[in-house]
Amino acid sequence: MDPKELKRERLIKRIAQELPDGSLVNLGIGMPTMVANYIPKDRTILLHSENGFTGLGPAAQKGGENPSIVNAGGQPVTILPGGAFFDSAMSFAIIRGGHVDYTVLGALEVDMEGNLANYMIPGKMVPGMGGAMDLVVGAKNVIVAMEHVNKNGAPKILKKCSLPLTAKGEVDLIVTDMAFIRVTKKGLVLEEIAEGTTVEEVVKATEAPLHISGKLGTF
Amino acid sequence: MKPILTAEKAVENIKDGSSLMVSGFMGCGNAFTLIDALVNKGTKNINLITSDTAYPDVGVGRLICQCRAATLTASHIGTNPVSGQKMNCGELKVTLVPQGTLAERMRAKGAGLGGVLTPTGIGTAVEEGKQKLSLGGKDYLLELPLGADFAFIKAEVADKYGNAFLPGSTKNMAVSMAMAADYVILEAGKIVEPGELDPEKVTIPGVFISAIVQSTLPAANLQLKP
């Protein structure tokens with residue numbers, strides 16, 4: 001596996017460890033979706049798909065796709081035993097009502113106040129917020145999964161987001177290929193660094209100030 | 001009993017400038033037969049309300065790609081690049097609404113409510129021009145009911161009273177839309193006699209349905225990887 005893939009796998013694994021047994025979790029499209037593959041074997045996690053079900057299972061086998069069962073990305077998937085189908089009003093009542101324990105989603109920018117920007121770049125990319133605004137406001141815990149810096153190597157963890165916000169002050173954890181950072185009232189706390197990374201490298205790649213935890217770990 | 005019409009007859013009264021809700025999520029649960037009939041009819045300047053615009057030339061995406069919509073109210077347009085292109089060149093006026101808010105605004109219309117108070121969108125561009133209320137120490141946006149002249153709903157089975165069963169994740173916006181629109185056209189894979197659809201398995205009660213159309217086109221929403 002190339003080093004970039006390895007780092008990505010490590011961050012996905014780390015997020016999977018964060019999800020407690022029995023929790024209801026919504027995973028965003030892309031990297032967050034892969035968290036499902038690394039849930040520790042002794043835990044049962046119920047996945048929520050915002051287009052209308054709990055018990056989201058793996059992708060459908062080729063030839064066995066059911067056009068009536070797709071995930072939030074429109075891909076044919078399966079529903080596991082113990083799952084339930086419902087309509088959008090119910091699905092978002094589950095989300096907004098605080099019944100989803102964790103949501104994991106990507107970010108364009110996140111800042112020291114827990115603000116998140118992940119749904120548009122004005123004039124460039126305007127796909128719409130889909131269910132992201134409801135998820136970030138409604139889920140009990142919001143985990144951002146992303147690369148620590150953007151394609152040009154610039155920090156994505158900022159003092160203040162410059163892009164339009166998805167939600168204000170809702171992010172709880174930021175997990176990147178370099179660091180595990182908790183958003184607290186006093187600011188961002190660096191709790192863990194990725195294997196092969198130094199604190200100096202993390203600080204340099206982060207625009208927002210970081211408090212370094214006294215019990216700094218690695219993942 | 002509800003009238004059982006051909007697709008052509010059912011969409012006859014949809015005129016240029018009508019507002020239309022189309023249920024479905026990334027094409028899953030789109031009423032393909034009704035959309036096809038509307039595209040063939042040539043109606044233009046539709047005020048389209050839908051969860052997303054699916055993919056180019058798939059289901060509701062065809063109404064965008066064939067220039068049938070003047071305005072679009074949706075939560076996500078990213079999977080159909082044509083929506084974005086038309087928005088950027090000013091050909092299509094797009095209003096993006098958080099998905100949960102969209103469902104709830106339509107439900108409010110159908111349920112006779114004056115609006116909904118939601119925390120979604122506080123501190124974002126979504127709150128612009130909206131009334132904000134602080135209740136119990138928490139801020140909410142007042143989101144107003146959303147109705148339409150017509151709605152397209154897809155069911156697997158419908159009885160002649162319009163009671164409908166929608167399988168799997170095809171339910172999505174269908175229940176809210178059926179409640180919110182004035183004239184609701186139900187496309188059904190199978191139309192059965194009253195009593196043949198178990199009342200326990202009804203997703204949408206027939207009271208919301210105006211007419212029923214036999215589906216003739218298969219679901220074509222799956223984007224299968226080669």
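**View 1. The hairpin of S9(B) and S10(B) in the predicted model.** Strands S9(B) and S10(B) form a hairpin in which four residues lie between them, and B:Gly162, located in the turn, has a positive phi of about 90°. Strand S10, which covers residues 164–165 of chain B, runs antiparallel to S9(B) and is joined to it by two bridges. Within this pairing, B:Val157 stands opposite B:Phe165 of S10(B).

**View 2. The parallel partners of S9(B).** Strand S11 of chain B, comprising residues 181–192, pairs with S9(B) in the parallel sense over 10 bridges, and here B:Phe150 has B:Tyr183 in S11(B) as its bridge partner. Strand S2 of chain B, comprising residues 19–22, also runs parallel to S9(B) and is joined to it by three bridges, with B:Val22 standing opposite B:Phe152 of S9(B).

**View 3. The burial of S9(B).** Of the 12 residues of S9(B), 10 are buried, so the strand is largely enclosed by the rest of the structure.

**View 4. The largest nonpolar core.** This core has 128 residues, and those with the most contacts inside it are A:Val144, B:Leu34, B:Ala151, B:Ile153 and B:Ala178. Strand S9 of chain B, residues 148–159, contributes eight residues, the largest share of the core.

**View 5. The surroundings of B:Ala178.** When residues up to four places away in sequence are not counted, B:Ala178 touches B:Ala151 and B:Ile153, together with B:Val184, B:Ile204, B:Phe208 and B:Ile209. B:Ala151 and B:Ile153 are, like B:Ala178, among the residues with the most contacts inside the largest nonpolar core.

Notes:
Residues numbered from 1 in each chain as written. Chains lettered and ligands numbered in written order. Predicted model: local features only at pLDDT ≥ 70, side-chain atom pairs only at ≥ 80, totals over all residues. Core = buried A, V, L, I, M, F, W, Y, C linked by C-beta atoms within 7 Å. Buried ≥ 20, exposed ≤ 12 C-beta atoms within 10 Å, placed from the backbone. Contact = placed C-beta atoms within 7 Å. Pairing = 2+ DSSP bridges.
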